[in-house]
There are 2 protein chains.
Amino acid sequence: MKTANKRIKKKTRNLELSRKEILGAAFQEIFARGFQGVSVDDIVARTSLTKGAFYHQFPTKLDLGYALVEEVITPMIIERWIKPLDQYKNPLQGILKRMQELIGNSSPADLRYGCPLNNLVQEMAPVDPGFKKRLSAALELWITETDRHLRRAKKDGYIKPEVNTRRAAHFIVMAHEGFFGMLKGLEDPKAFDALYESLKRFFDSIST
Amino acid sequence: MKTANKRIKKKTRNLELSRKEILGAAFQEIFARGFQGVSVDDIVARTSLTKGAFYHQFPTKLDLGYALVEEVITPMIIERWIKPLDQYKNPLQGILKRMQELIGNSSPADLRYGCPLNNLVQEMAPVDPGFKKRLSAALELWITETDRHLRRAKKDGYIKPEVNTRRAAHFIVMAHEGFFGMLKGLEDPKAFDALYESLKRFFDSIST
DNA sequence: CATATTACATACTATTTAGTATGTTGTCTA
DNA sequence: TAGACAACATACTAAATAGTATGTAATATG
């Protein structure tokens, strides 16, 4: 039957799939315990594969970390925080709604690991330049894309003309990371409401 | 001469001093490379002491971490962010001034390691309950002390009566951590100004 | 001032770790 | 369909690591 079936790839060996499996396991482990707190053996143990597969994909553990930022975390930021804003006429409302959904409505159990991007920034940015470069790029992208929505909001009359949207975008991304960071550190489940109220007040102050 | 000299303790062995020396070295190393990224050997190598002294003071590496939070980082927060506010009639101005001095005027080299407290929160809070408990206590103290100043500001007519100062304090501490975290991740030295402007706008929105 | 105890120093160990060397089998191509 | 090569699996290694066992000298105390 040659290769008539294109959709059902019944392959026992698949470079792409294996890569995704490893990256998925690595994401879970590193999200929970940090990059330096997780060993390569820990990661492959969460996998149907072995060390051979790991080092066939990634020359070193650091390279896995880089791939994690570029291939998993950055797309996740876009999916969770940027794309949903398209559906809101007023992006500021969209941002608040998203934060309520993804943070406010989460259980403490889900929040205790924080934000995957922020975690790596805090842990690895000062330790390794390769990490820093990629993490910095992810943050910049987040800021730029947020700014894009804010400029739209300004054009549509939701934001005061004198507001520097790029600077506001900086602050908003900072608030995302800050929210996650605080809720991770505190044990108070009502802390989100406190933070949310103040952020809303800030949004009001730049709104028309 | 028995022990006539009380001030000049010329002792070659001193439990307190040794503890401080170890905690000082540990602070530097862990600040730069993270708790899990630093070994006990790394720490004692920065010291005039050896491993014997280390384990005479701390039963385990985790206990050193706990002591670091309680005996070094928490006092540092109080000294740097709380006590200086006493000198300002309007604490909100004091907070902005302090941030300008301690963050805005710092070189990228000084900022690349972020905030000692935030670093440990992000890295260790989900990993170890003992850490989480102590880190949480440090954050709560910071928030409570900030709130104390905000209540004073409210009483003195600097803050609108309808503002919930405790919630505002939450937001302010979040902003501290968020500032450090962002500046650690980004490579843009002008990012502080962007963040500062927005925080000032928030302060204006709660001011009378 | 004798001695008990504290405050260390030194040497060692079992385990974990990133990475390698090499073997094996599925899959593709000619 | 017969190799050729890619995609792994397995077994191993050298270094690092937290912690221990034990020795020793300074200091306190009676």
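I began with the two copies and found that chain A can be laid on chain B by a turn of 180° and a shift of 0.0 Å along the axis, with an RMSD of 0.0 Å, where the superposition is by least squares on the C-alpha atoms of residues with pLDDT of at least 70 in both copies. That is the relation of a two-fold axis. I then looked for the residue of chain A that comes closest to the rotation axis, and it is A:G178, whose C-alpha lies at 2.3 Å.

For my own bookkeeping, I note that this is a predicted model, in which local features need pLDDT of at least 70 and side-chain atom pairs count only at pLDDT 80 or more, while totals for chains, interfaces and linings use all residues. Residues are numbered from 1 along each chain as its sequence is written, and chains are lettered from A and ligands numbered from 1 in the order in which they are written.

**Chain A as a whole**

I counted ten helices and zero strands in chain A, taking helices (H or I, at least four residues) and strands (E, at least two) as DSSP runs numbered from the N terminus. Along its principal axes, the C-alpha trace of chain A spans about 65 × 45 × 35 Å. Of the 208 residues in chain A, 39% are buried; a residue is buried if 20 or more other C-beta atoms, placed from the backbone, lie within 10 Å of its own, exposed if 12 or fewer, and partly exposed in between. I also looked at the contacts in chain A with a separation of 6 or more, and residues 24 or more positions apart account for 66% of them, two residues being in contact if their C-beta atoms, placed from the backbone, lie within 7 Å.

**Where the chains meet**

How many residues does the contact take from each chain? I found 43 residues from chain A and 43 residues from chain B. On the side of chain A that touches chain B, at least two residues each are supplied by α1, α7 (116–124), α8, α9 (165–185) and α10 (191–206), and α9(A) gives the most, with 13 residues. By class, I sorted that side of chain A into 20 nonpolar, 14 polar and nine charged residues, where Ala, Val, Leu, Ile, Met, Phe, Trp, Tyr, Cys and Pro count as nonpolar, Asp, Glu, Lys and Arg as charged, and the others, Gly among them, as polar.

**Helix α7**

I looked up α4(A) with α7(A) and found an angle of about 145°, with their axes 10 Å apart; axes are lines fitted to C-alpha atoms, for helices over the stretch in contact, and angles run from 0 to 180 degrees between N-to-C directions. Here A:G65, A:V69, A:I73, A:M76 and A:I77 in α4(A) meet A:P116, A:L117, A:L120 and A:M124 in α7(A), and the residues of this contact divide into eight nonpolar, one polar and no charged.

Helix α4 (residues 61–82) and helix α8 (residues 129–155) of chain A pack at an angle of about 10°, with their axes 10 Å apart. That makes α4(A) roughly parallel to α8(A), since angles under 35 degrees count as roughly parallel, over 145 as roughly antiparallel, 65 to 115 as roughly perpendicular and the rest as oblique. By class, the contact of α4(A) with α8(A) has twelve nonpolar, three polar and three charged residues.

**The DNA strands**

Around DNA strand C I found 21 residues, of which A:S39, B:S18, B:T50, B:G52 and B:A53 come nearest, a residue being near a strand if its C-beta atom, placed from the backbone, lies within 6 Å of it. The largest share of this surface, four residues, comes from α3(B). I also found 21 residues surrounding DNA strand D, and the closest are A:S18, A:T50, A:G52, A:A53 and B:S39. The largest share of the surface near DNA strand D, four residues, comes from α3(A), and by class that surface has five nonpolar, nine polar and seven charged residues.
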